[in-house]
Amino acid sequence: MTSDTVQGETAAPPRSLTFTEPGPEPRRKRRRRQAGRRNDPRLFLFLVPAAVIYPWLVLWPTVQAVRFSLTDWDGLSTTFNEVGLGNYRRLFGGDSVFTQAVGNSFKFMLAVVIGQTTLSLVLALALQRNTRTNIALRALYFFPTVLSSVSVAFVWSFVYDPTFGLANTLLSAVGLGSWQQPWLGDQSLAIYYLAIVQIWFHAGQMMVVYIAGLQTIPPELYEAVDLDGATRWQRFRYLTWPLVAPATAIVVAYTTIQSFKAFDLIYASTGGGPNHATEILSTLIYNSAFRTFEFGYAAAQSVIFVLVVALVTVVQRRAVALSSRGG
Amino acid sequence: MALAAPSVRGVARTVGLTVYALIILVPLTVVLFTTLKTSPQMYASPFGLPTTPTLDNFGELLNGGQLGTSLLNSVVVTLSSVVLTLLVSSWAAYGIARIHGWTGIVVFGVFALGLAVPAQVAMIPQYVIFKQIGLTNSLLGLILINIAVTCPVAIFILTGFLKTLPNELFEAAEIDGAGQWRTYRSIALPLAKPSFAAVAIFLFVMHWNDLLYPLLFITDPSKATLPKALLDFKGEYTTNYPVLFAGVLVASAPMVIAYVFLQRYFVAGITAGATKC
């Protein structure tokens, strides 16, 4: 009960990050609607540029993707055939690369969501007080976020280089030479090694969301549970975790979507290889369309991709809501 | 904490934070050092300090590659995209925030829809459109697509902010005889400055680092932006890490410098923008 009310009040931690003051918000629209108050038509002129470019280059193409998915167009010819649901039948009728890409997308997503949420929360808990050192460390941890995916991919391709990369060299230097790996060349684990890169890339960003969330928890509450003799774990489990739930919701939702969309990083690191071992849906769509020129088939993959993203978003929202209510 | 006898917990915290700091810093430092080595030096000692630092890698980039052109392209595309997206989005946000009743809500909803559509869905038809009207291999094409795909998030944030302003403010301007344009310029824009800064930085990072659209639409190396040019280098200098990293450094430098000076705004802007996507 209490956790619900507090959640309601702190429902939007990133608000403070947008520099917006909550401010008073007089809701008196009703009153204004009387006496023939109409919208000034000139207001619609302000919408014109966005209302041209956005439907033209985003909405219309999205609709067209569905249309393309029902054809066998190769993207080059002037003609194509309607194939009905043929592309979809092919996707679900044992296209092993597609199945593998779906599997990889989920492996990558789960590894990143679990790893990044945990790490960013741990870092946030350690750095939530605004001391000088903490502020400096936050800036450092956040830093990779401003780099481009391509740069990050190159830095890590050096770390993971099997012959003289940082990872293998360090391992042998500390006497763990037997742990040396081919890293991104390892077909069964490469996708997880890429998940580590993604976490390195964005954990600092999610830490910032968590810190904002943690700082909305009133210190008096901690004092109260300390007086009750709560252990550290109890304090976290029954106070911090439920109260930081709005931030968790944001972190999990964002991380999920971000990992599904991690096209740039994976494309620049491995291109989906070796042998599709790191192919996720977004790279597969690109490769199907622009490597093998199966536009129709790629469009069908992209339609499935949207549905998967939508489904995962719904499920994951439920899960977060349940887990924070469970306490 | 204040009495801080070195507890096990305190030590663990310090060790943990230091280790993570090293995990961030070490790869970046190694990369930085590598740019100052020749290829043989790097193979001989990948992680040593550059004993005889050389700037040859940067020279090779400038002579051999199109890096100068790509840098310029990136600057042109990023600046134009950020400025135009901000303009277009702030107009739309002003309109949406001030149109009352269902109309405003519906228009807002249609733009918010754009936040949910993954780029990989629209990209195939986008490519077809660009091909048809000759916008491939064109910086203008990149700018247009940047505006189209990032205006939803900008509109979302800016509308959210403008709606928190009391309506009386706008009414007062109206009573004083200000037209809509004047109200936008003199009331909405100045008050929305902080949101503007946040959105601008978010867009700046996003447009500067974008790989997908240059990859889709640009095949002519003289039209490539930095991320695309870097990726092409990788093909060219497969194992020549020093040159590759010199490229990474050049591509990252503007962002890193901006981050160092505008750090607070970066953190706020990127996080605010990203969590809305």
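**Before starting**

Residues are numbered from 1 along each chain as its sequence is written, and chains are lettered from A and ligands numbered from 1 in the order in which they are written. Because the model is predicted, local features need pLDDT of at least 70 and side-chain atom pairs count only at pLDDT 80 or more, while totals for chains, interfaces and linings use all residues.

**Stop 1: chain A as a whole**

Select chain A and colour by secondary structure. Chain A has 16 helices and zero strands; helices (H or I, at least four residues) and strands (E, at least two) are DSSP runs, numbered from the N terminus. Of its 327 residues, 42% are buried. A residue is buried if 20 or more other C-beta atoms lie within 10 Å of its own, exposed if 12 or fewer, and partly exposed in between, with C-beta atoms placed from the backbone.

Contacts are counted when the C-beta atoms of two residues, placed from the backbone, lie within 7 Å. Among contacts in chain A between residues at least 6 apart in sequence, 73% join residues at least 24 apart.

**Stop 2: α10 and α13 of chain A**

Select residues 190-214 (α10) and 245-260 (α13) of chain A. These helices pack at about 160° with their axes 9 Å apart. Axes are lines fitted to C-alpha atoms, for helices over the stretch in contact, and angles run from 0 to 180 degrees between N-to-C directions. α10(A) and α13(A) are therefore roughly antiparallel, a label for angles over 145 degrees; under 35 is roughly parallel, 65 to 115 roughly perpendicular, and the rest oblique.

To see the contact, show side chains for residues including A:H202, A:M206 and A:Y210 in α10(A), and A:I250, A:V251 and A:T255 in α13(A). By class, this contact has eight nonpolar, six polar and no charged residues. Ala, Val, Leu, Ile, Met, Phe, Trp, Tyr, Cys and Pro count as nonpolar, Asp, Glu, Lys and Arg as charged, and the others, Gly among them, as polar.

**Stop 3**

Leaving aside neighbours within four places in sequence, A:M207 is in contact with A:S120, A:L123, A:A124, A:R138 and A:Y141.

**Stop 4: where chain A meets chain B**

Show both chains. The contact takes 76 residues from chain A and 82 residues from chain B. On the chain A side, helix α4 (residues 48-68) gives the largest share, eleven residues. That side divides into 54 nonpolar, 14 polar and eight charged residues.

Now select α4(A) with α4 of chain B (residues 67-98); their axes come within 8 Å and cross at roughly 115°. The two helices are therefore roughly perpendicular, and the crossing is left-handed. A:P49, A:A50 and A:I53 meet B:V88, B:S89, B:W91 and B:A92 here.

**Stop 5**

Select A:G272, in the loop between α14 (263-269) and α15 (281-290) of chain A. A:G272 counts as buried because 23 C-beta neighbours lie inside 10 Å. Its C-alpha is 9.1 Å from that of A:A101, 171 residues away along the chain.

A:H276 has a positive phi of about 65° although it is not a glycine. With 19 other C-beta atoms within 10 Å, A:H276 is partly exposed.

**Stop 5: the loop between α9 and α10**

Finish with A:W183, in the loop between α9 (166-173) and α10 of chain A. A:W183 also has a positive phi, near 45°, and is buried, with 20 other C-beta atoms within 10 Å. A:G177 lies in the loop between α9 and α10 too, but counts as exposed, with 11 C-beta neighbours inside 10 Å.

Key. A crossing is left-handed if the near helix is turned anticlockwise from the far one by less than a right angle, and right-handed if clockwise.
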